[in-house]
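Please open the model in a viewer and keep the selection panel at hand.

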Amino acid sequence: MLNLQNDPNSWLSQIRFRYAALNNAWNQWVLDYNPDRQRGFLEELSSAFANWRGALGAALVCALLAALRWLRRRRPVAPLDGLYERFCRQQARHGYARRPDEGPLGYAARLRTMQASPDKHAAMEKFLTLYGALKYGAAGSESRSASLTTLKTLLTLCR
């Protein structure tokens, strides 16, 4: 039979050695806790806390800047401009993205080269002509609301 009590390589002896080492570390850290060790511990703690506060402050500043940037991009869009943006996104999906320097009439001229049905070409032409008149012309408020409804209808035909 194995003698686990006197064998230094047995698992029971290893557990006893580890427990003794843990007990020794506890005694040295807690029971030998003098003013110098206390001061050193508090200095380490305060420097860690200062670094933590700095990192948290930097993270909050970055989050605030990101939120401000997002809020600037989320400016309210007028209904007319919203419809035009939707029209431009629709056509971009077909490979005809509006160029930054392209107005509605120039865009209409380029869209005429698109492979589409005659009904879709007519709807796109009508949409862009009406948008140009509303955006850059002088339309009354009564005709403006009816024109916005017409633009919404034309937008579905331009898909």
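The model is predicted: local features need pLDDT of at least 70, side-chain atom pairs count only at pLDDT 80 or more, and totals for chains, interfaces and linings use all residues. Residues are numbered from 1 along each chain as its sequence is written, and side-chain values use heavy atoms, with hydrogens and water left out.

**Helix α3**

Select residues 79–93, which form helix α3; helices (H or I, at least four residues) are DSSP runs, numbered from the N terminus. The helix has 15 residues and reaches 21 Å from its first C-alpha to its last, close to the 21 Å expected at 1.5 Å a residue (the expected span is 1.5 Å times one less than the number of residues). Among its buried residues are L80, Y84, F87 and Q91; buried means under 20% relative accessible area, exposed over 50%, and partly exposed in between, with a 1.4 Å probe and protein chains only. Just after α3, G95 takes a positive phi of about 95°.

Next, select Q91, which has a relative accessible area of 0%. Leaving aside neighbours within four places in sequence, its contacts (heavy atoms within 4.5 Å) include Y96, Y107, L111 and C158.

**The largest nonpolar core**

Now select Y84, F87, Y107, L111, F127, L128 and L151, the residues with the most contacts inside the largest nonpolar core, which has 20 residues. Helices α3, α4 (104–111), α5 (118–136) and α6 (141–157) each supply at least two residues of this core, and the largest share, 6 residues, comes from α5. Such a core is a set of buried Ala, Val, Leu, Ile, Met, Phe, Trp, Tyr and Cys residues joined through side-chain atoms within 4.5 Å.

**Salt bridges**

The structure holds 5 salt bridges, each a side-chain nitrogen of Lys or Arg within 4 Å of a carboxyl oxygen of Asp or Glu. Select D36 and R39, whose closest N and O atoms are 2.8 Å apart. These two are separated by about one helical turn, because they are 3 residues apart in helix α2. D36 is exposed at 55%, whereas R39 is partly exposed at 47%.

Move to R112 and E125, a salt bridge with closest N and O atoms 3.0 Å apart. R112 lies in the loop between α4 and α5 and E125 in helix α5, so the pair ties together parts that are 13 residues apart in sequence.
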